[in-house]
Amino acid sequence: LLSEFTDKYYVSVELGFQTSNDETGILLNRGYTSSDFTTAVKLLNKYNIDVITHIMIGLPNEDKKDIENTVKFVNSHKIQGLKIHSTYIISNTKLEDMYKNNEYSPISLEYYLDSLCYVLTHINPNIIIHRISGDAPKDLLVAPSWNSHKKLVLNGIDKILREKDLYQGMYFNK
């Protein structure tokens with residue numbers, strides 16, 4: 001029944017992976033491991049269901065090495081789409097508590113753009129980039145303030161990619 005359905009319609013599933021760092025996954029209450037993600041992707045691939053994966057930049061306790069590891073991990077799977085988000089703090093969350101207790105500092109726009117360039121230039125060029133910036137509800141956003149200005153991200157990344165002659169996948173498998 002499922003294969004009959006997928007022959008007639010476009011079917012996709014979005015997986016909120018966020019990071020390949022399972023310790024961060026536990027902190028985020030992701031609810032599954034990287035190994036579970038791999039199992040899910042293989043099952044979805046078996047039935048020709050497209051996989052769209054979400055990753056986040058700026059998660060608590062993560063650094064550029066975590067971003068590199070997440071990109072390598074994503075590239076090792078057969079996924080069709082990617083949504084990239086910055087980490088932002090919204091009211092009444094564990095992250096807001098961490099922020100107020102000086103246990104978490106939000107990333108700068110510059111750090112996000114630099115990390116976004118890394119992701120874009122190292123991700124498989126066959127993966128469709130669906131999003132490079134998420135929208136926090138303005139009335140709930142605590143920090144960073146630049147997150148509420150999507151054009152800063154879009155114009156910023158466009159400028160960097162043009163000035164440095166960068167493009168998606170240029171360092172894929174290098």
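Modeller: Residues are numbered from 1 along each chain as its sequence is written, and side-chain values use heavy atoms, with hydrogens and water left out. As the model is predicted, local features need pLDDT of at least 70 and side-chain atom pairs count only at pLDDT 80 or more, while totals for chains, interfaces and linings use all residues.

Colleague: Why is Ser20 called buried?

Modeller: Buried means under 20% relative accessible area, exposed means over 50%, and partly exposed is in between, with a 1.4 Å probe and protein chains only. Ser20 has a relative accessible area of 17%, so Ser20 is buried. Ser20 is in the loop between β1 (12-18) and α2 (22-27); helices (H or I, at least four residues) and strands (E, at least two) are DSSP runs, numbered from the N terminus.

Colleague: What does Ser20 touch, leaving out residues up to four places away in sequence?

Modeller: Ser34, Asp66, Asn69, Thr70 and Phe73, where contact means heavy atoms within 4.5 Å.

Colleague: What makes a space a cavity and not a pocket?

Modeller: Both are found on a 1 Å grid over the protein atoms alone. A cavity is a set of points where a 1.4 Å probe fits but cannot get out, whereas a pocket is an open set with protein on both sides within 12 Å along at least five of seven lines. Lining residues have an atom within 4 Å of a point. Grid points are joined across faces, edges and corners, and a volume is the space filled by probe spheres set on the points.

Colleague: Which residues line the largest cavity?

Modeller: Gln18, Thr19, Ile55, Met56, Glu62, Asp66, Ile67, Thr70, Val71 and Val119.

Colleague: How is the lining of the largest cavity divided by class?

Modeller: Into five nonpolar, three polar and two charged residues. Ala, Val, Leu, Ile, Met, Phe, Trp, Tyr, Cys and Pro count as nonpolar, Asp, Glu, Lys and Arg as charged, and the others, Gly among them, as polar. The lining of the second largest cavity has five nonpolar, one polar and two charged residues; among them are Gly58, Asp63 and Tyr111.

Colleague: What is known of the largest pocket?

Modeller: The largest pocket has about 420 Å³ of space. It is lined by 19 residues, of which Leu28, Met56, Thr87, Tyr88 and Leu95 are the closest to its centre. α5 (94-100) gives the most to this lining, with three residues. By class, the lining has nine nonpolar, eight polar and two charged residues.

Colleague: How do you know that the span of α4 is close to the expected one?

Modeller: The expected span is 1.5 Å times one less than the number of residues. For the twelve residues of α4 the expected value is 16 Å, and the helix reaches 17 Å from its first C-alpha to its last, so the span is close to the expected one.

Colleague: What caps the N-terminal end of α4?

Modeller: Asp63, with a side-chain oxygen 3.0 Å from the backbone nitrogen of Lys65. A polar contact is a pair of N or O atoms within 3.5 Å; within protein, one must be able to donate a hydrogen and the other to accept it, and residues adjacent in sequence count only if both atoms are side-chain atoms. The distance of 3.0 Å is within that limit, so the pair passes on distance.

Colleague: Which residues of α4 are buried, and what covers them?

Modeller: Asp66, Ile67, Thr70, Val71, Phe73, Val74 and Asn75 are buried. The cover includes β1, α3 (34-46), β2 and α6 (109-122).

Colleague: Why is Asp114 called partly exposed?

Modeller: Asp114, in helix α6, has 40% relative accessibility, which is between the 20% and 50% cut-offs, so Asp114 counts as partly exposed.

Colleague: What makes Asn48 and Asn92 worth a look?

Modeller: Most residues other than glycine have a negative phi, and most peptide bonds are trans. Asn48 has a positive phi of about 55°, and Asn92 has a positive phi near 60°. Asn48 is exposed at 56%, and Asn92 is exposed at 74%.

Colleague: Where is the peptide bond that is cis?

Modeller: From Ala143 to Pro144, with omega near -10°. Pro144 lies in the loop between β6 (141-143) and α7 (150-163).
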